[in-house]
Amino acid sequence: MNKPHYFTLRFHGFAVGNDPESSFLRLVTRHHTFYTDKRFFQDEAGFDQLQKESLLHLGTHRLKDGSYWIDWLTDGTTTLETAGARPSLRLPLGRLLTGVPAFFISGSMMFSWGFAFLMPLLFLAVTMMLLTWGLSDVHAVCLRFSPRVRDLQARLEQAKRGDTAFCEDIGPALLNPPYPDAMPEGFSDFGPQLSEIKHTVSAVRSGEWKSYVADSSGAALVYVCQGRGLSLSWRMGDPALRSQLDKILPFFYRTHAPFISQGDHVLTIFNHHSNKAIGVYNFTDGGCYIANGNWYRSDQSMAAFYRGVLFIFAPGLMALMLLFGAGFALSAGNVWRWHSVCGALKIMVSVICTFCGALLGGSDLAIQLTRLLSSRVGHWLRLRRRLEQLRQEQQRTPWIQEIW
């Protein structure tokens with residue numbers, strides 16, 4: 001999945017998603033779907049200069065749903081590449097190599113009376129620096145050392161010289177991909193409040209909205225099928241975190257935002273009281289989205305939760321415990337010897353493993369109980385399984401993009 005992919009296709013123009021003025025673009029061929037966003041590129045105006053009916057060469061990476069994200073493209077005359085793909089390492093590396101050790105040293109030493117005034121100030125300054133630039137600095141380092149990004153950049157230079165023999169020819173882009181005429185079976189009777197509709201999208205627009213979670217923001221699509229306005233909405237996270245994530249270039253994207261364009265053929269399962277979409281299958285590009293509730297958890301989302309606990313939360317908790325343990329030991333005047341470190345590590349590993357095990361076990365028990373006892377969760381699971389089957393019937397992977 002992480003390997004770059006290179007394609008050649010006959011270009012007929014991009015479909016614009018989610019709003020007529022959007023920068024979110026899509027290309028569809030018989031067996032492939034491509035997405036990209038003009039705002040990540042050095043020259044957005046260059047997209048208007050691409051020649052229709054020309055051969056378009058793409059440098060891409062694959063997403064979880066089997067589609068591809070375009071990282072660069074050229075038609076032989078116009079070349080478009082992602083801005084900032086080769087950032088300077090001097091400043092990011094300098095901040096990381098000084099900031100991370102200073103964070104732990106100042107955090108440990110601020111418990112000592114001899115540094116009661118200086119170290120808390122240093123700890124606060126370093127913490128603010130890491131919160132402000134840490135994510136973008138780590139991203140810059142990843143860009144410079146990622147084999148996938150290096151390969152994409154090397155192939156781009158090769159394409160600029162006119163050598164595109166490494167690209168796989170996948171035929172022409174399709175303006176009107178085929179779609180089934182009849183309603184797929186098995187989508188009725190998911191609950192008394194749910195209905196289904198399948199028709200051509202006659203209008204689509206995007207908008208910002210405030211979610212029901214405090215201090216969170218989100219995005220929403222409103223599209224019209226058969227005269228009915230249907231809404232598909234999802235949370236985007238805390239605005240402060242979004243401001244940091246917006247600095248991240250899409251070389252490491254694993255999923256794309258929901259995409260619906262005017263003229264798409266979609267199947268929507270929605271609440272007929274609120275017209276809010278619960279599940280969407282886009283026959284035009286194969287995109288499939290399902291809205292999760294607070295207790296609607298699939299095996300896919302639970303696996304992501306397990307990875308987060310085991311590979312992010314547990315190591316982070318271990319580092320913090322070491323930090324404060326060292327600080328208290330120094331402030332008490334104890335000699336922090338290697339045998340003391342090893343003894344404390346064994347205790348901390350046992351405590352963290354017990355805590356993480358209880359957290360994962362309790363979460364899994366709660367999810368399994370809701371699956372057994374809640375009819376709403378049962379309807380959601382049935383809908384998810386049917387959408388997976390529909391993707392397989394359309395010769396695609398059963399992976400579904402979950403939105404919150």
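I'll start with strand β12, residues 265–271, where seven of the seven residues are buried, so the strand is largely enclosed by the rest of the structure. Please keep in mind that this is a predicted model.

In a regular strand, side chains alternate between the two faces of the sheet. In β12, His265, Leu267, Ile269 and Asn271 point one way, while Val266, Thr268 and Phe270 point the other way. Both sets are buried.

What does β12 pair with? Its partner is β13, which runs antiparallel to β12 and is joined to it by six bridges. Within this pair, Phe270 stands opposite Ala277 of β13. The hairpin has four residues between the strands, and Asn275 there takes a positive phi near 60°.

Thr284 sits in the loop between β13 (276–282) and β14 (288–291). Thr284 has a relative accessible area of 8%, so it is buried. A polar atom of the Thr284 side chain lies 3.0 Å from the backbone nitrogen of His265, and His265 belongs to β12. Beyond its neighbours within four places in sequence, Thr284 is in contact with Arg26, Val28, Pro177, Asp264 and His265.

That brings me to the charged residues. Side chains of opposite charge can pair when their charged atoms come close. How many salt bridges does the structure hold? The count is ten. One of them joins Asp285 and Arg26, with 2.9 Å from N to O. Asp285 lies in the loop between β13 and β14 and Arg26 in strand β3, so this pair ties together parts that are 259 residues apart in sequence. Asp285 and Arg26 are both buried. Together with Asp264, they are linked in a network of salt bridges.

A second salt bridge is formed by Glu81 and Lys160, with the closest N and O atoms 2.9 Å apart. Here Glu81 lies in strand β7 and Lys160 in helix α3, so the pair ties together parts 79 residues apart in sequence.

Arg384 is buried, with a relative accessible area of 6%, and Glu388 is partly exposed at 23%.

Back to helix α3, residues 147–160. Its 14 residues should span 20 Å at 1.5 Å a residue, and the end C-alpha atoms are 20 Å apart, which agrees. The buried residues of α3 include Arg148, Val149, Leu152 and Leu156. The elements that its buried residues pack against are β1, β5, β6, β7 and α2. Just after the helix, Gly162 takes a positive phi of about 95°.

On backbone angles, most residues other than glycine have a negative phi. Asn18 has a positive phi of about 75°; it is found in the loop between β2 and β3 and is buried at 8% relative accessible area. Gln226 has a positive phi near 50°, in the loop between β10 and β11, and is exposed at 51%.

Last, the cysteines. The structure holds zero disulfides. For Cys353, the closest cysteine sulfur is in Cys356, 7.0 Å away and therefore too far for a bond. Cys288 counts as buried, at 3% relative accessibility.

Terms used. Residues numbered from 1 in each chain as written. Predicted model: local features only at pLDDT ≥ 70, side-chain atom pairs only at ≥ 80, totals over all residues. Heavy atoms only, no water. Helix = DSSP H or I, 4+ residues; strand = E, 2+ residues; numbered from the N terminus. Buried < 20%, exposed > 50% of the residue type's maximum accessible area, 1.4 Å probe, protein only. Polar contact = N/O pair within 3.5 Å; in protein donor to acceptor, adjacent residues only side chain to side chain. Contact = heavy atoms within 4.5 Å. Expected span 1.5 Å × (residues − 1). Disulfide = S-S within 2.5 Å. Pairing = 2+ DSSP bridges. Salt bridge = Lys/Arg side-chain N within 4 Å of Asp/Glu carboxyl O.
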